[in-house]
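Thanks for coming, everyone. I'll keep this short. Please have the model open while I talk.

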Amino acid sequence: MKYRPSRRTRRLAISTAVVLALAGANGPWLYRFSTERYHEYKINQPEYKAANGHWDFLDVPSEHRINTIHAALLHTGKVLLVAGSGNNQKNFDAKSFRSVLWDPKTNVFKDIPTPKDMFCAGHTQLPDGKLLIAGGTKRYEKLQGDVTKAGGLMIVHNEDPDKPITLPAGTRFTGKKNGKTFVSKDPVLVEKATKVFDKETGAFLRNDPGLGRIYVEAQKTGKKYETGTEDNYRVAGLSGSDTRNVYGIAQKLALDKKDFQGIREAFEFDPVAEKYIPVDPMNEARWYPTLTTLEDGKVLALSGLDEIGQIVPGKDEIYDPATKEWEYTGIVRKFPTYPAVFLLNDGKLFYSGSNAGYGPADVGRDPGVWDLATNKFKKIPGLSDPDQMETSATVRLPPAQDEKFMVIGGGGVGESEKSSEKSRLVDLQQKNPEFTDGASLSEGTRYPSASLLPDDSLLVTGGSNDYRGRSGSDVLQARLYDAKTDTYKRVADPAVGRNYHSGSVLLPDGRVMIFGSDSLFSDKANTRPGVFEQRIEIYTPPYLYRDSRPELTAGPKKIERGSTGLFTTQHASKITSAKLMRPSAVTHVTDTDQRTIALEMEKSKDGVTVTVPDNPALVPAGWYMLFVTDDEGTPSEGMWVEVPE
């Protein structure tokens, strides 16, 4: 059917022409007004949408607007939006934790009771279609100047090789040299000492003490209760041999900044029951962790800040969905927080160097391929700006079989003003892979959101030049990246700037949802505090403004790896490709779940038959969206298909 402009469009065109004619005689104000009207007119034209796509605001009822920090697409087609306390201390103090479920088909929203503060947790899709969420917030940070009691990390030693010991919250530690007393905020389990023997003679050498980490603070307020050097601390309330075997050692205990603290709690979100189900807590508390699915369907938890605000010291652990329990890997590998770690086709892991910030600037930042079985880590060289990986986004380019990755934008460590415009490419199927620079963005961009689209393009949008959008530095641009030609194409601009605490999610109908943004300031002069961006935008790509799109009418709901499935369609003759796309689970522009898996395809008169690869590392068990595309590159709507274990 030929497009016919509406009365509103015709009126807008006429009024715009009249205003433009008067603009020269009425000064700058009228010129700006006319320019805005013309821009509004232009971006709503069918030709413009067909070439550039279009942005719309999602109509979210006021009672369901939250500070969305995390988002995940579920196999029911609904999107789980998670705020927890939403980076709002008042919400945290009031134990007001929020999650909202949104149905894109009906635009219905539903509040989900949220048992813990999942703000800055980690999450990933599980084989049975549930979403695993682990970690979150135990305590908000305290900036220097707001801290009234000196405090910090106390390492508790236990030299008894026969038994561990638990010290309750409120345990007092008194320095042997400084005489100052500090009190623990939580209980701590200190493992028993390990007996060490000579490997050749078998003779006993020593006991290596068991260690426990606990946050302590002074009993009274004031600077005079700070300490400046390391000291040994006597532990009150002990008796017998424990008085000799158990003691504390602490470095400086001061009034400096205290970082966020993590929690151990973990939950599975059931998309059918639409509720959180508690599971075994992690062994380590984690705030800002990454959860990465392994080839056997288990989940690896990495990094994060622990219950005393310290970076977890490389003690990674694995969740088993069958037993709902966690176990340490038994090896140590340190990363900064929210490390971008992806499962590769051989079961090894790729760390791109992307991360969200916390952790030493010189530890665990080099990209490389990690063999979890041996803990061997092969570094990948070639990064031209290795000091600007924080707040970058990493994407596994389509198809996933090729193992080509792109790292987009990023910035300097911490609150650095540095930002990178680069896109770095690496092909991990090369014998000795190295990063090379690909097409560049127009300007340095921290926090770029990147979503794979079913036509094999990549939507890159949002971000800011400076830390958390400082100095009004949001990048109000969107681009489509073509991996085959290594080129970006500028498309329609979003209306809202997106920086820290933002992300994007591909929807089953082929649109993209963009959420969040947590600017440090709300003005270019950096004088007014920022306000969390609760508005959500929907990007409709150009392919949805074509005359038609292929449609899948029926097919199996489950296909095993190595097996085939027939999907009926009236457009079989025009279909040129098929793929499985794993649904997103994104936070802090980190999404290790999304991947596009190309499928072998045979066409018949009434349908297409696709074959799912038999590699569990390439196709982890779980739910996927099956898309087909026609000879114009137009995708169908995604049809949900389960790949069982």
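Leaving aside neighbours within four places in sequence, Asn283 is in contact with Arg264, Glu317, Trp326, Glu327 and Tyr328. Contact here means heavy atoms within 4.5 Å.

Some ground rules. This is a predicted model, where local features need pLDDT of at least 70, side-chain atom pairs count only at pLDDT 80 or more, and totals for chains, interfaces and linings use all residues. Residues are numbered from 1 along each chain as its sequence is written, and side-chain values use heavy atoms, with hydrogens and water left out.

Back to Asn283. It lies in the loop between β21 (275-279) and β22 (290-293). Strands are DSSP runs of E, at least two residues, numbered from the N terminus. Asn283 is partly exposed, at 30% relative accessibility. The cut-offs: buried is under 20% relative accessible area, exposed is over 50%, and partly exposed is in between, with a 1.4 Å probe and protein chains only. Val641 sits 358 residues from Asn283 along the chain, and their C-alpha atoms are separated by 34 Å.

Next, Ser303. Buried or exposed? Ser303 is buried, at 3% relative accessible area. Its place is in the loop between β23 (299-302) and β24 (315-320). A polar atom of the Ser303 side chain lies 3.0 Å from the backbone oxygen of Phe335. Leaving aside neighbours within four places in sequence, the contacts of Ser303 include Arg286, Asp316, Phe335 and Pro339.

Now the strands. Strands of a sheet pair through backbone hydrogen bonds, either parallel or antiparallel. For us, two strands pair if DSSP finds at least two bridges between them.

Take the open sheet of five strands. Its order is β5-β4-β3-β2-β43, with antiparallel pairing. The edges are β5 (108-111) and β43 (585-587), each pairing on one side only. Neighbouring strands of this sheet are turned by 20 degrees against each other on average, direction ignored. Axes are lines fitted to C-alpha atoms, and angles run from 0 to 180 degrees between N-to-C directions. Inside that order, β2 (70-73) and β3 (79-84) run antiparallel, joined by four bridges. Ala71 has Leu81 as its bridge partner in β3.

Two hairpins to finish. β28 (368-371) and β29 (376-379) pair antiparallel over four bridges. Trp370 stands opposite Phe377. Four residues lie between these strands, and Asn375 takes a positive phi near 65 degrees.

How many residues join β45 to β46 in their hairpin? Three. Four bridges link β45 (600-603) to β46 (607-611), again antiparallel. Met601 stands opposite Val610 there.

Terms used
A polar contact is a pair of N or O atoms within 3.5 Å; within protein, one must be able to donate a hydrogen and the other to accept it, and residues adjacent in sequence count only if both atoms are side-chain atoms.
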